[in-house]
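Welcome! Take a moment to turn the model around on your screen, and then we will walk through a few of its features together.

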Amino acid sequence: MDGLVTAFTRSYAAVVVARFRMLLQYRAAALAGIATQIFWGCIKLMVLGAFYAVAVTTPPMTFTAIVAYVWLGQVLIGLLPWNHDPELQELFTSGGVAYELLRPLDLYWFWFARTLAYRTAPTLLRMVPGIVFAALILPLIGLPEWALPAPASMNHGLMFALSFVVTVMLSCAITILITISMFWLIEARGLSTFMYGVVPVFSGMIVPLPLFPEWMQPFLQWQPFRGLCDVPFRIYSGDIPLTMASQEIALQFAWTTILILFGYGLITRARTRLVVQGG
């Protein structure tokens, strides 16, 4: 039994590694992407800095925490689940998805492994030059107040790392739901367009969630997209204290588990009756 589990684990790991290596080839696109993200990061800091300069009350986050929030969001933007793997889209439109059902692997976890590489490989290519610019170059050009700060403490850094792992899993779980929708929609561009609007807002990518109106906070605190940006970034900066970090990560993990179970149930149901292009 242990040998069988090990074999299956190695199979999924091989899928992740193979897909990861292939996606690492798109270095030019990644460099162009991080240039865009650096530009927008600077724009966001200008706007938020202007608001902080004229604030008449104490903001709910320090400007240092805002800076960390913005730069982490820009370098990790590739993790946001607002689109789907275009190769899987092609399988649905061509009818090739029928062959996916014949693989000697669980379809959900096979696609999850592909999605894990799809989310992390492009993010890694953008993350390294982005962090170099935000943490090292900005102080050298006279903008230390805009530079990405170090984690609030070593323990905050460790909790951020744990939260980040859960964030990656949560992102994959949401992305898989978009992919599974193609069993019924065939074309997922409509849902992806919808997610382009929902995910950045409710994750806190556009505006940090603590800056939203007070009456929205109960909803924002409990919805699943918060675990994509707000939780890990605020743990990093210390805006979420260590005494509450475990609770926040537990909520991230709970949403991840719920969405994985929901996606697994959907794909099990979808496999019972599949109509591909052409009949």
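## A buried threonine

Let's start with Thr179, which has a relative accessible area of 1%. Buried means under 20%, so Thr179 counts as buried. Keep in mind as you look that this is a predicted model.

Where does Thr179 lie? You will find Thr179 in helix H7. Setting aside neighbours within four places in sequence, the contacts of Thr179 are His84, Leu88, Phe92 and Trp111.

## One face of helix H4

Two of those contacts, Leu88 and Phe92, bring us to helix H4, which covers residues 86-94. Which residues of H4 are buried? They are Leu88, Gln89 and Phe92. Looking down the axis of H4, you would see these buried residues within an arc of 105°, so they line one face of the helix.

What covers the buried residues of H4? The cover includes helix H5 (97-100), helix H6 (107-140), helix H7 (154-180) and helix H8 (182-185). Following H4 comes Gly95, with a positive phi near 90°.

## The second largest pocket

Now for some empty space. Rolling a probe the size of a water molecule over the atoms shows where such space is left. The second largest pocket has a volume of about 150 Å³.

Its lining is made up of Leu48, Phe51, Tyr52, Ala55, Val56, Thr57, Thr58, Pro59, Pro60 and Leu211. How do the lining residues of this pocket divide into nonpolar, polar and charged? Eight are nonpolar, two are polar and none is charged.

Conventions:
Residues are numbered from 1 along each chain as its sequence is written. This is a predicted model: local features need pLDDT of at least 70, side-chain atom pairs count only at pLDDT 80 or more; totals for chains, interfaces and linings use all residues. Side-chain values use heavy atoms; hydrogens and water are left out. Buried means under 20% relative accessible area, exposed over 50%, partly exposed in between (1.4 Å probe, protein chains only). Helices (H or I, at least four residues) and strands (E, at least two) are DSSP runs, numbered from the N terminus. The arc is that of the directions from the helix axis to the C-beta atoms. Contact means heavy atoms within 4.5 Å. On a 1 Å grid over the protein atoms alone, a cavity is a set of points where a 1.4 Å probe fits but cannot get out, and a pocket is an open set with protein on both sides within 12 Å along at least five of seven lines; lining residues have an atom within 4 Å of a point. Grid points are joined across faces, edges and corners, and a volume is the space filled by probe spheres set on the points. Ala, Val, Leu, Ile, Met, Phe, Trp, Tyr, Cys and Pro count as nonpolar, Asp, Glu, Lys and Arg as charged, and the others, Gly among them, as polar.
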